[in-house]
Amino acid sequence: SSTDGGENWTPVAKGAGLPRKAVTDIWLDPSSPETSRRLWGAVPGSGAYVSEDDGKTWKARNAGFEFDNLNVLRIKGGGRGRLFALTTVRVRGNASVPGALYLSTNNGQQWKKVFSENAAPFLTDVQLAAGGAGAVYVCALHAKDTFETAVGGGVWKSADDGKTWTHVFDKPAYSVGIDPRNPDRLYVSCWLHRGDGLHTSADGGATWTRVENYPFWRPLTVTFDPSDPDVVYVTNFGAGVFRGVHLK
């Protein structure tokens, strides 16, 4: 952790219940006390972990996950006591277990699977529209890592906490960005074939347009500037970070 804007860092979880593995996502519960923040960590291979004391100690919260796939990649809080955890594909030899999206309504004490697609096992992202009761989006790349012929996957959308889903983008997608002011304004990083740049939607995913002037073919994540949501930052697989301005 850092208390000076990233100038200096101190390890807070060494030997404190968190596995010595990669942590691919951290979510800070904004409803937790400032003096003792609740943090959630995604640890592929080991599951979901929670800390109630600013990251000093950690406990696993994996009840309800499929026992043969604890590759938790993303974890997000969704308001109204909802918590979403996304697992990605687990491969063992010639066999694989598809990724899945799980929902908890009791602070991770129990998880329930709400999404999985055998034809799109390589899940990569879950994003929640702002406001607590908005849509949930799940992204998936192609089934096999063969970029020349990569098809399938895409983006799925649910407006009812995963009870029903609509396939709103049918090309391999790494991530989706949601405008915090307008939940119908979306960006998707598309990996069709070797990569197809950024695509955007102004109607919640009903229709899409490719951003023709985006300068790289394989983007990763889209982040909106909190001080000006018309400004977006896009990370890229092999091309650093680009800053762009949304033109109305």
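## Overall build

Of the 248 residues of the protein chain, 48% count as buried, where buried means under 20% relative accessible area, exposed means over 50% and partly exposed lies in between, with a 1.4 Å probe and protein chains only. The model is a predicted one, in which local features need pLDDT of at least 70 and side-chain atom pairs count only at pLDDT 80 or more, while totals for chains, interfaces and linings use all residues. Residues are numbered from 1 along each chain as its sequence is written, and side-chain values use heavy atoms, with hydrogens and water left out.

The secondary structure comes to 0 helices and 21 strands; helices (H or I, at least four residues) and strands (E, at least two) are DSSP runs, numbered from the N terminus. A compact globule of 248 residues would have a radius of gyration near 18 Å, and the value for the protein chain, 18 Å, agrees with this; the radius is taken over C-alpha atoms, and the globule rule is 2.2 Å times the number of residues to the power 0.38. Along the principal axes, the C-alpha atoms fill a box of roughly 45 × 45 × 35 Å.

## Contacts, surface and charge

Among the contacts in the protein chain with a separation of 6 or more, 39% are accounted for by residues 24 or more positions apart, a contact being heavy atoms within 4.5 Å. The protein chain exposes about 12600 Å², of which carbon and sulfur atoms supply 53%; accessible areas come from the Shrake-Rupley method with a 1.4 Å probe, and for residues only the protein chains shown count as cover.

There are 27 positive and 25 negative side chains, and the centres of the two sets lie 5 Å apart. Here Lys and Arg count as positive and Asp and Glu as negative, with His and the chain ends not counted, and the place of a charge is taken as NZ of Lys, CZ of Arg, CG of Asp or CD of Glu.

## Salt bridges

A search of the whole structure finds 11 salt bridges, each a side-chain nitrogen of Lys or Arg within 4 Å of a carboxyl oxygen of Asp or Glu. One of them joins the side chains of aspartate 25 and lysine 76 at 2.7 Å, N to O. This pair links distant parts of the chain, since aspartate 25 belongs to strand E1 (residues 25–28) and lysine 76 to strand E5 (residues 72–77), 51 residues apart. Both aspartate 25 and lysine 76 are buried.

Another salt bridge brings together aspartate 161 and arginine 82 (2.9 Å, N to O). Aspartate 161 is in the loop between strand E13 (154–158) and strand E14 (166–169), and arginine 82 is in the loop between E5 and strand E6 (83–87), 79 residues apart; both residues are buried. Lysine 171 and aspartate 170 also meet in a salt bridge, at 3.6 Å, N to O. Lysine 171 is partly exposed, with a relative accessible area of 26%, whereas aspartate 170 is exposed, at 53%.

## Two loop residues

Threonine 88 is found in the loop between E6 and strand E7 (90–92), and at 11% relative accessibility it counts as buried. Not counting residues up to four places away in sequence, threonine 88 touches several residues, among them Asn69, Leu73, Val97 and Phe122.

Glutamate 117 lies in the loop between strand E10 (112–115) and strand E11 (123–128), and its relative accessibility of 30% makes it partly exposed. Leaving aside neighbours within four places in sequence, glutamate 117 is in contact with Pro98 and Trp156.
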